[in-house]
Amino acid sequence: MSTSRVSRHQRRLLLISSFIAATVSASIVSARAVDQYASGGNSPGYDMAPETRLEVVEAAVAALPVSNVRGPFQANWDSLKKNYQVPAWFNEAKFGIFMHWGLYSVPAHHNEWYEKHMYGADRQWHASHFGEQEKFGYKDFIPMFKQEKFDPDAWASLLKKSGARFVVPSAQHHDNFAMWDSAVTHFNARQMGPGRDLIGELAKSVRAQGLKFGVSNHGIENFQFINPPADLAARLKAKKADLYDPEWADFYHVADRSDEACKKFLVDWYLRNVELIDKYQPDMLWFDNGVDQRYLDPLKLQIAAYYYNRASQWGREVSLSTKKAAYSPSNQNTETIGSIIDFEKIGERSPSGIRPGAWQVDEPIGSTWGYTDGMKIATPASIIAKLADTVSKNGTLLLNISPKADGTIPQEQQETLLAIGQWLEVNGEAIYGTHSWSSFGIGGGRNEAGPHIRFTVKADSLYAIVIGAKPGAELLIAPLAPAKAPGKITQVNLLGAAENLTFVHDQAGLKLQLPQKLPTSSAYTLKITGLKMNPSSTTRSGNPAW
């Protein structure tokens, strides 16, 4: 007995030691990767997902209609991993347009979460501007969302001129209003409000411009999006008004949050996505972080298999795009399966260094995602700098714009988009179809002001995008010293200029002087030939390693 106890004790110590060693090792790797890759898993808690259990999700999956779509993808991780690959068009694109476009642009106050705020922190503001919630609820913005000036051809022309290669409008936000002609829900833009198939019209116009077209669906976050304080809830419930009006129960999802109601909601979410896939054949289907949680995996896998099998029938390359570890059963975003990882906003949550594979970051053009009165719009120079920085780290920039309730894109946003497009007409060679070099650049780190340089690679050419330097400035690019960059520089061109630049390439690096007259403002691109370039770091899976 004594020997047996010691043996068990020793085994226990060995297991604990192994666990500690593995944890320490993982922590070291994680600490190193967090800075460069923005690696990590899902947030704790529900993180905008329906607050439910695996059993309810499995019941929803069992209630789904039988699909007659056949193809190589099965609704499991092994099949998804075996058959998925990042679309070639995405690796080439590098710049896309995102949109927060919906009912929240009618009040145009606070942000795109107005529905949540009007039953909470902004309840008094709402009451003073539109009336008490029992008389004027969020649903009452629907008739005001007219989109009377919406011109899909004009929008598509503008987006083409911006230099974007793909467009991803919000088909549905957290508020549960479908922006397309839906047979699944009558809460849609064809039957209410504008009386138009907004997504269908825009899809047609965007594709006519030769751009890829995707959709974002934030709808899974609707189930528990609104949480009114007890006094307001009691008032509305007593009057069977607004949130508790039976006619609008399936719009708000406040009155009934039982397991059965959640099951019904999840089936509806699946059917809406199937409808979007079948009607519009999106090149990208983007989900917000409400889909992240592991207990939703059985449902997410059904959507993935359906989408990719349909794309196989169309003969097209498509992809899901999701946040955090939504499609990573290991709960690490560096091991994502069947989806392009998306990071929300450039900063602490996005890669600070080169992340091999494929990834994108969504970044707002203004101070809010959805249109709000008085929102501040970023300058073209700031967006161009973010584009160069993102691409130098192997990423793609998904720039969000904020249309108004009347169907127009505000003039200030248009001007920024057109200026980006004009810059890309000259410098796009250094953006489209490029990949990262061995170093992403010099200077310009987070919270660091002043001129800086970002590097990209295409074939045998290295591009140095010089940001913020003045005409006539003398440059020393130290990372191009022979000890750091194999080869001998034979030529340096300034994109948009006719003549080659005079330069010196020695042990200190590349030395040259910018011309007094430069082809573009704020950022200029040096095309450097003669050095030995590294191969692309793109991967089939989109992950850094495999």
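Me: Which residue stands opposite Thr 529 in β18?
Reply: Gln 491 stands opposite Thr 529 in β18. The model is predicted, so local features need pLDDT of at least 70 and side-chain atom pairs count only at pLDDT 80 or more, while totals for chains, interfaces and linings use all residues. Residues are numbered from 1 along each chain as its sequence is written, and side-chain values use heavy atoms, with hydrogens and water left out.

Me: What makes β15 and β18 a pair?
Reply: Two strands pair if DSSP finds at least two bridges between them. β15 and β18 (residues 523-531) have five, in the antiparallel sense, so they meet the definition. Strands here are DSSP runs of E, at least two residues long, and helices are runs of H or I of at least four, numbered from the N terminus. Val 492 stands opposite Ile 528 in β18. Leu 462 also stands opposite Ile 528, and β13 pairs with β18 over seven antiparallel bridges.

Me: Why are β11 and β15 said to stand at the edges?
Reply: The open sheet has five strands in the order β11-β12-β13-β18-β15, with antiparallel pairing. β11 (441-442) and β15 (487-494) each have a single partner strand, so one side of each is left without a neighbour in the sheet.

Me: Why is β18 called largely enclosed?
Reply: Buried means under 20% relative accessible area, exposed means over 50%, and partly exposed is in between (1.4 Å probe, protein chains only). Seven of the nine residues of β18 are buried, so the strand is largely enclosed by the rest of the structure.

Me: Which helices lie on this sheet, and how are they directed?
Reply: Helix α13 (residues 380-392) lies across β12 (452-458), β13 (461-467) and β18, at about 50° to β12. Helix α14 (residues 411-427) touches β13 and β18, and its direction makes about 20° with that of β18. Axes are lines fitted to C-alpha atoms, for helices over the stretch in contact, and the angles run from 0 to 180 degrees between N-to-C directions. Contact means heavy atoms within 4.5 Å. α14 also lies across β1 (95-99) and β10 (396-401), running at about 155° to β10.

Me: What is the order of the ten strands, and which stand at the edges?
Reply: The order in this open sheet is β3-β5-β6-β7-β8-β9-β10-β1-β2-β4, and the pairing is parallel. β4 pairs with β2 (residues 166-168) over two bridges in the parallel sense. Val 167 has Phe 213 in β4 as its bridge partner.

Me: How do you know that the buried residues of α9 are on the same side?
Reply: Leu 232, Ala 233 and Leu 236 are buried in helix α9 (residues 230-239). They cover an arc of only 100° around the axis, which puts them on the same side of α9. The arc is that of the directions from the helix axis to the C-beta atoms. These buried residues pack against α6 (123-130). The face turned away from the buried side carries the exposed residues Ala 230 and Ala 238. Just after α9, Lys 240 takes a positive phi of about 50°.

Me: What makes the pair of Phe 130 and Phe 141 edge-to-face?
Reply: Rings of Phe, Tyr and Trp (its six-membered ring) pair if their centres lie within 6.5 Å; planes under 30 degrees apart count as stacked, over 60 as edge-to-face, and the rest as tilted. The structure holds 30 aromatic pairs. In this one, the centres are 5.0 Å apart and the planes stand at 85°. Phe 130 is in helix α6 and Phe 141 in the loop between α6 and α7 (152-161), eleven residues apart.

Me: Which of these two is buried or partly exposed?
Reply: Phe 130 has a relative accessible area of 25% and is partly exposed. Phe 141, at 0%, counts as buried.

Me: Why is the pair of Phe 145 and Phe 177 edge-to-face?
Reply: Their planes stand at 85° and their ring centres 6.5 Å apart, so the pair is edge-to-face. Phe 145 lies in the loop between α6 and α7, and Phe 177 in the loop between β3 (170-172) and α8 (198-208). Both are buried.

Me: What does His 109 touch?
Reply: Not counting residues up to four places away in sequence, His 109 touches Tyr 114, Asp 122, Trp 125 and Thr 372. Ring pairs link Tyr 114, Trp 125, Phe 130, Phe 136, Tyr 138 and Phe 141 into a cluster.

Me: Where does pLDDT stay under 50?
Reply: pLDDT, the predictor's confidence in each residue from 0 to 100, stays under 50 over residues 1-34. The chain averages 93, and 93% of the residues score at least 70.
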